[in-house]
Structures are given as structure tokens and as C-alpha cells.
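Trainee: Hi! Could you walk me through this one? I'd like to learn how to read it.

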Amino acid sequence: MRSIVKAKRGHAGWLLILPLVLILVPFFIVPIIGVIAASFVQSDGFGGIIPSFTLDNYKSVLTSQLTLQLYWATLKFAVFAWFFSLLIGFWIAYFLVFHVRNQLLALGLFLLCTVPFWTSNIIRMISWIPLLGKEGLINSALGAAGVIDQPLDILLFSSLAVVIAYVHQLTIFMIVPIFNSMARIDKRTIEAARDAGASRFDIVRLIVLPLCKTGIALGSIFVVSIVMGDFFVVKVMSGGGSASVVGAFYEDIGVLQYPTAAASATILTVIVSLLVVAILRTVDIRKELTQ
Amino acid sequence: MGRIKDKFRRTSAGTSAANQHQPSRRQVLKGTLALAGATAGSGVIGAPTIWAQDIKDIELRHVGVSYSVVKAIGDQAAKDLGFKVTMQNLDTSAAINRFITQPNSVDIADLEGWQAKLAAKRGVIQGISVKKVKEFDNFLPIFTKGELDGQKIPRQGISPYEAMYIEKADSTDLHEGVTEWATFLPQVYNADSIGYRPDLVDHPVTEWKDLLDPKYKGKAAILDVPAIGIMDAALCFESAGLIKYGNKGNMTKEEIDFTINKLIELKKSGHFRATWTTFDQSVQLMAAGEVIIQSMWSPAVAAVRVKQIPCVYAPVNKKGDKEGYRGWCNGLGLMKHLTGKKLDAAYEYINWYYTGWQGAFVSRYGYYSPVPSTAKKEMTPTEWAFWYEGKPAPEEIKDPYGVSMEKAGTVRDGGSFLDRVKNISCWNTLMDEAAFMNKRWNDFKVA
């Protein structure tokens, strides 16, 4: 009897993961195997491949100075975007959870944070241009106030503009998981700490921060992997003045160099996976999620 | 990625069997068709010769870049021809990737010369029988002899003439000179140069080197499509006398290195305010006052002017070996999977392009038709005088959608058709060293 139940349970388990498998296998596993396979063959220069095994694509990508520069540029953006979205996201979540007493209001404000995300990424990014441009709002205002006599070039088509656009786009990915983690903190812990004489800063440092490590880790994974895999924001906001890892192999695809592009994509996948693993090492997500 | 077999391709036996069924039905409805053709009153030369009942279910998917594959043109073709035409836009690199990796998802490929060369090489297109193209004899000699007005068309880069012909319907290598089979048939082309703000640049620009003038530091921009951006840069450096290229359209590694290193130098000195990839970006850069001189396309200059901001399209006529426009040409290619009635419909579509309506339409935003003789019939004398003859506009000039563009008396920048096209010095291309060039272009981007 028992074994039958067990067997049934086994089937039920398979059945439960079936939808996910049906999506992941054809739309993720198969394509990525295709990309990996393509990275080990040669290009004939006309968009075709010569099906003989070679490591040349990896050799050329890994030994190129360009690869280092590209990763340096992209990682720099990732770090800045991560830092500022964490800073802003953390305090917004903190405010919503600990300062807004009315839970309904807190939830309302939380939903309000998501309103800008009802419109497309591209619109949100492009709408910075009239604000930051040479004849944009900020430069006009500063000029009219007599603070500057030459428009500030650095506001738009610069690394600053790229970081602004990223932070604007990605902060929500920090707010949501951190809010979620914070909401689970037992308010009595905070009260107890306060009763015991802890300062507000101590409470944040010793209680809130450690208890929302998972939220921070999840948010960081979102932000870092999105920035590492992006090329469009960099392209538009830097005015083409900066490159990115993905942007570079997109150009390879433009001239039909599929194997090199595939090798670059594979390397990027490995590096982003390593970053995610490194982030996950700081917290035990499984434990947190099953609590 | 490799050559994809067309599993849907019908055997020729199957096709001819299907055709044998037609005559009886065709005869019955012949009268009706003639009537329908007459009432449609489209004025199309050569009304649809395919049977109306069959063609109404046909859909042609015409895929390519937005400045060449235009919805209004597809809609008019569908109206005149009686079958469905769907226009799909992709950027240049997405388009060539789609033609090569998913050839069956496209019926009419909108190809540039270099793309036609690639597509033929990959075997994704079929030769177009020029005998079936009614207006082929009226094509300008640019496309049939490689010359215009008795002057040879330059062969730096890949000229349309060079990429147009193959020996047999299924040849993969190009053939020099007219044959019975074409890889693609040109539908729209133009000459690109520099756009600038005449109110902020103190002299009329006629040379590419002005784009590099330190006076315009932080106010200049260049095109960021590597394959053609590097040619614009090359035109600048050649104009400034820094280098003499063997072939700007097919540089050696040394020439690429020189060009990119120079670009990096300029970038580090803060010369470029930005680089642009799309038509709209170039318009925005100029209209928002970010740049005052940049490589630009003719309709983009017009789009800036429509915003009441002065903008001039620099006439960079050839001076000895220097200067000249960078030419480009887009045309229609037939994908290999087309057979039977769908192929017939595709030929109808091709023939429709040269009846004048489309030629007149693209001319109204500054591009040219390969058969100006038919386009002329669809244009007003004012339009013809302004766009092709380079004469002062006798009256106001409107764009294809009826928006006012130029006041009466305006002369087109660069002058007449002959003045502009005869001054093309190189053509859009894909270099033999494209992979290397691309890598170096990325060096420029990340510097």
C-alpha cells in the first residue's frame, strides 16, 4: 500500500514540475545548447559555419584586450547601478515598512512605486533625454539661475546618464525583495531593542540589515544580471560613447560572425552565473524561502 | 545557421500539375477579372495577370529596413494588385540575420548590394528573371552598365551594379555585367553626406574634413553602424589628407587600424558628442542642439528643417580623389522558397514597383527611383523640378504625406539628381575584413 502511495507521490512531483520543464527545455535548455555548440565551430565569413571543432573562438575572445575593457566597462556600470539602487531601494523599503504605520497606506505607497513601471523601459529611459540634454530642463534651469554659463555636457551621453537610467529602471527590483524581507521582521524585536537602549542606527545595523540579507541578495541578483546582459541602455544613454559586453557581440552578429558571438555569450553566461553563485553564498535563500 | 533546407518547396512537377487545372476556370472568370481591373482604376501598367480568385489569399511578406520597406507603399501595392502585402521593419543587421537564418519567414527580402551578395552566396534567394521585369530596359545605366551620364560609377565598396547579376538562376557567385538573372532589383537609393547647422557653422560645408575641425569639438557626431560608419570616417580622414585608401569600401587591416586609431584619438580628445544608430537619433541630436555637424541622411536633414531648425545637407562633390557621397541602394530580392502562384505574385509586386507610384513616393523625401521615367509621370512638374532637376521649387514642396517641407524658391541641397549621384565616390559595403574591423570598432566604442 505504502509503496503505491509513494509511487503516486513521485508521479505527482513530476506532474508538478512538468509545466516548468515544458517551458525551460524548449525555450532555455535547447537554445543555450545551440549557442554553446555554435561557439565551438568555425565561421565561413558569410554567415555559415564550418562544422569542425575548434577552440579558436574562445582563444580570440579570451586573449583580446578588448574583452577586458568591455568587462571592465560593464562591471563598472553594474557596481554603480547596484550600489545606488540598493541605497535607494533599501531606504524606500525601510520607510514603507517601519515608518508608515497604516499597513494599507504602506501597501498603497508600495504599489505607487510600481506605477512608473507600467510603461516601457525604453520610454522611461528616453524621457531622461529632454531633462539632461544640453538644452534640457536642468541645464536651462542652471543657466537661468546663473550657476553655469556653459551647458554641462556630462549630464547626457555620459557614464553618469547611463547610471541614472539604470538606477531609475532597476531600483524597483531592489525594493520588492527587500520590502518582502523587512515586512517579515517581527516588530517586537525592534521594540525590544529600543527598550534595551539601542539607537536607530544600531537597530538598522544589527537587526534590520542582517534580517533582510536575503532580500538584498535577491535584489542584487536581479540588478547585476540585468546590467550585465544589457546593451541598449548603454548605447542610448552614453550616446554610443561607451560599449558593453553584449553590445560588442551584438555587433559580431551584425556581420554574421556567429561562432565568435556564441563564444562571447557563453563566457558571459558563465561569468554572470559565477556572480550569482557568489551572491548566493552570502545567504541561505532556501532556508529563507521555506520559513 | 547553416543552409536551411526548404521543406515546403514544391516540386516543379507539382506546380505544373496545379497550373494545368487553371485554364478552364480562368476562361470563365476572365471577363470578370478584366472588369474588376478596369473599375479598380489603379492606372497600373500591366494589370494583375494572375487569376483574382487565387491571388486574394496570397500574402507577401516584405522585410527590411524602415527607410526602404514603407507601409504606405505596401498598402498601395496591395490595393493595386489585389493580394495582401505585409511590410516588416528590422534594422540592417537584424534583417540580414533573418534572411540568412530564417529564410522561410520572408518572401521579399529588401537587400542592399552587399546583402544581396551574401544572400546569393548563402543560397537563400533565387535569381530574378530580368525578362519578366517589364521596365528593366528603362532602368538607369547605373544598374545595367555601371555608369551614369557617360561617367563610370565608382566601385569602392559594393556598387549595386556589381552585386546585381548572377549567371544562372541558382548561381551563388556574382557575375560582372548584365545577365538574364538578377540577385536583387534596386528600388530606392541615395547619396549620404554630412548635415550641419548653417546658423552655428560659420561657412558652407563642402568637405568631409569639416566634421573633424577642432572648432566643433564636443559638437560633432558620427554614424555608429560599423560597416558604414568607418566609411564616413575614412572620407573624413582622406579629405583631411591624412591617408589615401586603396579602397575605402574594402580596407586592409593596416588601413582599418589607422582609421580606428584616429577615431579613438578624436574620441579621447572629446571631439564626438555622440554617435548615432538610427534615423531618429540623428534628427534628435541635431534638433536638440547637441551637435551642429554630423554624418547624416538626406530625409533626416529634412526632418530637422520641418521642426523650423535650419539644417543643411552638405554637397560634398568629388574633388580629385577626395570627397564624394557615400551611396547606398536597397532593392527587392526573391527568397528561394517562393514557387507557383506566390512567385507569380512576387513578380507582379516587383513589376508594380517600377510603374511610377513608388518611385514618386520615395522621391518626395529625397530618395531616387531606378526608373525615373515612370516616377516622373506620377510627380508634379514642381516636384520633378525640385527633386530631380535641382531647380528652385516653383511652388511649395510637400512630403509624401502632404506635410509642407520647403518653401517656393528653395533649391535642393546638393543640386540635381545627376550632380548628386555622379558624385558618389563609394558604396555601402561589408568588407572582407569585417570581423577584424568590427572588433576594432568596438575598441573605438569602449575607448
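Trainee: What should I know before we start?

Mentor: This is a predicted model, where local features need pLDDT of at least 70, side-chain atom pairs count only at pLDDT 80 or more, and totals for chains, interfaces and linings use all residues. Residues are numbered from 1 along each chain as its sequence is written, while chains are lettered from A and ligands numbered from 1 in the order in which they are written.

Trainee: Let's zoom in on a helix. Which residues of α4 in chain B are buried?

Mentor: In α4(B), residues 71-81, the buried ones are B:I73, B:G74, B:A77, B:D80 and B:L81. They span an arc of only 130° around the axis, so they sit on the same side of α4(B). That arc is taken from the directions from the helix axis to the C-beta atoms.

Trainee: What's on the face turned away from the buried side?

Mentor: That face of α4(B) carries the exposed residues B:A72, B:D75 and B:K79.

Trainee: And what covers the buried residues?

Mentor: The cover includes β1 (59-64), β2 (84-89), α13 (340-353) and α14 (357-363) of chain B. Being in contact here means that the C-beta atoms of two residues, placed from the backbone, lie within 7 Å.

Trainee: How do α4 and α13 of chain B cross?

Mentor: Their axes come within 11 Å and cross at roughly 115°. Axes are lines fitted to C-alpha atoms, for helices over the stretch in contact, and angles run from 0 to 180 degrees between N-to-C directions. The crossing of α4(B) and α13(B) is right-handed. Right-handed means the near helix is turned clockwise from the far one by less than a right angle, and left-handed means anticlockwise.

Trainee: Which residues meet there?

Mentor: B:A77, B:D80 and B:L81 of α4(B) meet B:E348, B:Y349 and B:W352 of α13(B). By class, that contact has four nonpolar, no polar and two charged residues. Ala, Val, Leu, Ile, Met, Phe, Trp, Tyr, Cys and Pro count as nonpolar, Asp, Glu, Lys and Arg as charged, and the others, Gly among them, as polar.

Trainee: Now α11 and α12 of chain B. At what angle do they cross?

Mentor: The axes of α11(B) (279-287) and α12(B) (298-306) cross at roughly 40° and come within 9 Å. That makes α11(B) oblique to α12(B). Under 35 degrees counts as roughly parallel, over 145 as roughly antiparallel, 65 to 115 as roughly perpendicular, and the rest as oblique.

Trainee: Who makes that contact?

Mentor: α11(B) brings B:F279, B:S282, B:V283, B:M286 and B:A287, and α12(B) brings B:A300, B:A303 and B:V304. Seven of these residues are nonpolar, one is polar and none is charged.

Trainee: Switching topic: how many residues do chains A and B put into their contact?

Mentor: Chain A gives 28 residues and chain B gives 31 residues. On the side of chain A, α3 (65-99) and α13 (245-254) each supply at least two residues. The largest share on that side, five residues, comes from α13(A).

Trainee: Last topic! What is the phi of A:L256?

Mentor: Phi of A:L256 is near 65°, which is positive, and this residue is not a glycine. Most residues other than glycine have a negative phi. A:L256 sits in the loop between α13 and α14 (258-281) of chain A.

Trainee: Is A:L256 buried or exposed?

Mentor: A:L256 is buried, because 24 other C-beta atoms lie within 10 Å. B:Q308 also has a positive phi, near 65°, and lies in the loop between α12 and β14 (312-313) of chain B. B:Q308 counts as exposed because it has 7 C-beta neighbours inside 10 Å.

Notes
Helices (H or I, at least four residues) and strands (E, at least two) are DSSP runs, numbered from the N terminus. A residue is buried if 20 or more other C-beta atoms lie within 10 Å of its own, exposed if 12 or fewer, and partly exposed in between; C-beta atoms are placed from the backbone.
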